[in-house]
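Welcome, and please open the model in your viewer. We will walk through it stop by stop, selecting a few residues at a time.

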Amino acid sequence: MESAFHLPGPAPSRTRTVAFAGVPLSVAELSGEDMRALLAALRARPDRASPAARARAVAAAARRFLDRGDPLRRRALAALPALTGFSQAMIEQALPRAFGPLRERDLLGVATRRSSPAVDLVGIVSAGNLPGVALAKAALALAAGAACLVKTASGEPLLAVLFAEALSEVDPSLATSLAVLWWEGGRGACEAEFLRGADSIIAYGSDAAVGALRALAGRKVVGHAHRLSVAVVRLDVPRAAPPPAEAAALDVALYDQLGCLSPQCLYTVGGSLAQRAAFLEQLARALGELDRRLPSGARDASQAVAVRRLRDEYEWRALGGEPVSLRGGAGWTVIDDPTAGFRPSPLHRTVIVRRLDALEQLAAALGEWLPRVESVGMDPWPDPEAAAWIARRGVPRVAPLGSMQSPGLDWRQGGRDPMAGIIQGEIA
Amino acid sequence: MLSEVREFIAAPVPGRFGELALRVFRFQFERNEPYRRFCEQHGRTPQQVDGWTQIPAVPVSAFRHAELVCSGLPTGSVFLTSGTTQGVERRGRHHVPDPSIYRAVALDHFRRCVLPDGLRPRFLVLAPALAEQPQSSLCQMIEWLGADLGAAAPEVFIRGGEVCAEPLRERLREIEPTGEPVLLIGVTYAFLRFIDGCRADGVRFRLPYGSRIVDTGGTKGRSRPMSRNGLLRAFWETFGVPGYAVANEYGMTEMCSQFYDDAVLNHFRGRKRDRSKLAPPWVRTRLVSARSLAPVARGERGLLRHFDLANVGSVLALQTEDVGIETGEGFEVLGRAAGAEARGCALLLESFAQ
């Protein structure tokens, strides 16, 4: 049985078994006093290596998950499908995306770009089931010289634990700066001590979850609430090749569209009806192909019904004579709705393809959703003028189609500096 | 076709259900244009369907987007669904070309499930009057029930969407000593509001023996959530009506027939069993997987799919989003398969659906 914790120092005095999505994991049970002691141990860590040495060690630990023969990677691949609900093939896609960016040079570059010193102890509250959501922040915190306590999410309680294990093998001294734990969020003396004792809290989750943490821990919480992404396919500019439907399909399919960088809506801009129809056809074919190569994961009844409800709506609107249409397979849906506008998708590879006459209509089409947009994917790429125009609308990330889900460490998630919550002082 | 259905409802022959359902399906395929296109799109025409379970089921949301009515029939009545915050803002329209069929099924199954002892109680209504909401199928049904099965004209205690709590309390106080059983019927959230008010004021009633309660619609986010058992306890505490005299109605605007808990019927027949929703003889219900829409194995949860002959003028096969499980001679409704939680970090449609 895998453990859902990795603590520096002695083993916890009490553990129990908890089933995560039916998978039993050993969980450490910490009282408030235990948590105080853990935080004190993290603060008293012996490691005082140079930033370069720390970045080198973190990068070396991360590389183990890129090595096909590494036993830690094999353990991640064995456990994560059942824990997260993603298919095995998806986990294989997720690991290089989680660990690939943790390169020594990039860690050092981002972690030392600002002159402010790191806080002493960063708390990270992870959420959801995307593998390794908190890893980049934990890696940056360690590279910057902070100690770090990661509270994992029920949807993915393992990968940060395995990373801590890797780090303790690569650099036992630096590993004394990292603790990974799961506990049931929202209650208990353990959580209260954690929120009180950490210097800053980087928190992921819904608006409600982040808001609740902020109410308890105040301004030291740097929140990353749920966000959404869209993509733009320009048919109104000269192009050397047809738009890359396969790239768009990959952005939609990765993490079954559950990520904040997953495009929920694709906008074609201008172009002829034939161009648009060809793109839709290719997109549908590519999603169908991906459904075989990169199978979609588990969906519960409410998620399946949410997708079906949208499909039913568009099927009946089409039967009623509206110029909309629907293509779909067991694990994917492409809806052609040539009106501008936006509505959030029920996800699980359900994408609405809308149409704009000109790129400048994008902000109006997104309307009240614009402030929640994390990323806009674009094709063709590069298009510096369009990218700058989108960035000026407050969108933190503009990326080429096919790379929407591969942000670097310098990703300004939620519009914030990547070191927010890791270095001292408030930074935008 | 209408007369054949009317005859079946008047004297059901269970063995004939499948054959009649297939003939109603053929009739609807020929006369209901959007339904025909739907069937063709799914490759399920009358030539390709050999059993009633294969009749293509229309999602209930389709009534918001298409006029699902058979041509060549009288105009009859049109009932509107309540508003929705999901998707395109439209209310569903259910055409009922022959309201006499709707009336017949409403009366017959209510009598069977709620008044099996032939009681003619006074109707006290916690739903809007038909005059206030003429396009509500529920209001129409209650109007018919009160007029045909009640001891006197139904007395309505909702005006302008508000529960008339004080007049109802007064009326209940008058009824308590008479010994004459009454039937309280209405929407669940209105009952809850009235009960909350009574609890706050320490008011309780002991309605005469034989009194009944029929509630419908659930709380639908309009009041605090309460379990079925909690509600039954609240009915007992506030009205003195025991659980065996309470029947929850399950129905929908898009469907002419209704289902009721079998609790009253079981009590009347001296049977002890868990309550389940009972279908009338002209309705069959199947459970299907939310993901594949294929039938689920017995004992598994699934989405309810109804086949209602009384829907002869529109579409008889309806796919709901209600999750149920087979129990006893019927099924139990476990709730709506909605309100999906975000598993990742993306905003999703359902977060904003309520």
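Before the first stop, one term: helices are DSSP runs of H or I with at least four residues, and they are numbered from the N terminus. Keep in mind too that this is a predicted model.

**Stop 1: the two domains of chain A**

Colour residues 15-226 of chain A as domain 1 and residues 228-400 as domain 2. Their C-alpha centres are 32 Å apart. Where they touch, 13 residues of domain 1 of chain A are in contact with 15 residues of domain 2 of chain A. Together the two domains bury about 1100 Å², with carbon and sulfur atoms giving 65% of that area.

Now select Met90(A), Arg97(A) and Leu130(A). These residues supply 39% of the area that domain 1 of chain A buries against domain 2 of chain A, more than any other three residues. How many salt bridges cross the interface of domain 1 of chain A and domain 2 of chain A? The rule finds one.

**Stop 2: the largest cavity**

Searching the whole structure turns up six cavities of 30 Å³ or more. The largest has a volume of about 500 Å³. To find it, select Gly132(A), Val133(A), Ala136(A), Pro407(A) and Trp411(A), which are the closest to its centre among the 26 residues of the lining.

Which elements give two or more residues to the lining of the largest cavity? They are α4 (88-99) and α6 (135-144) of chain A. If you still have the domain colours on, look at both: domain 1 and domain 2 of chain A each give at least three residues to the lining of the largest cavity. Colouring the lining by class gives 19 nonpolar, five polar and two charged residues.

**Stop 3: the second largest cavity**

Next, select Ser126(A), Ala134(A), Thr152(A), Glu156(A) and Ala160(A). These lie nearest the centre of the second largest cavity, which is lined by 16 residues. About 80 Å³ of space lies inside this cavity. Its lining divides into 11 nonpolar, four polar and one charged residues.

**Stop 4: a link between distant parts of chain A**

Zoom to Arg114(A) and Asp417(A) and show their side chains. The two meet in a salt bridge, at 2.7 Å from N to O. Arg114(A) is in the loop between α5 (104-111) and β3 (121-125) of chain A, while Asp417(A) is in the segment after β14 (397-400), so the pair links parts of the chain that are 303 residues apart. Side chains of opposite charge can pair when their charged atoms come close.

For another example, select Arg372(A) and Asp207(A), whose side chains form a salt bridge at 3.0 Å, N to O. Over all chains, the search finds 53 salt bridges.

**Stop 5: backbone details**

Most residues other than glycine have a negative phi, and most peptide bonds are trans. Go to the bond joining Asp379(A) and Pro380(A): this peptide bond is cis, with omega about 0 degrees. Pro380(A) is in the loop between β13 (373-379) and α15 (384-392) of chain A. Then step to the bond from Trp381(A) to Pro382(A), which is also cis, with omega near 0 degrees. Pro382(A) has its place in the loop between β13 and α15 of chain A.

Finally, find Gln257(A), in the loop between α11 (245-253) and β9 (263-269) of chain A. Its phi is near 70 degrees, a positive value in a residue other than glycine.

**Stop 6: where chain A meets chain B**

Show both chains. The contact takes 41 residues from chain A and 38 residues from chain B. The area buried between them is about 3400 Å², and carbon and sulfur atoms give 60% of it. Select Arg309(A), Trp316(A) and Leu319(A), which supply 24% of the area that chain A buries against chain B, more than any other three residues.

**Stop 7: the domains of chain B**

Colour chain B by its assignment: domain 1 (2-69 + 283-323) and domain 2 (101-278). The C-alpha centres of these domains lie 29 Å apart. Here 17 residues of domain 1 of chain B and 10 residues of domain 2 of chain B make the contact.

Terms used. Residues numbered from 1 in each chain as written. Chains lettered and ligands numbered in written order. Heavy atoms only, no water. 1 Å grid on protein atoms, 1.4 Å probe; cavity = no way out; pocket = protein on both sides within 12 Å on 5 of 7 lines; lining within 4 Å. Points joined across faces, edges and corners; volume = space filled by probe spheres on them. Nonpolar A, V, L, I, M, F, W, Y, C, P; charged D, E, K, R; others polar. Domains from an automatic or database assignment. Contact = heavy atoms within 4.5 Å. Buried area = accessible area lost by both parts, 1.4 Å probe. Salt bridge = Lys/Arg side-chain N within 4 Å of Asp/Glu carboxyl O.
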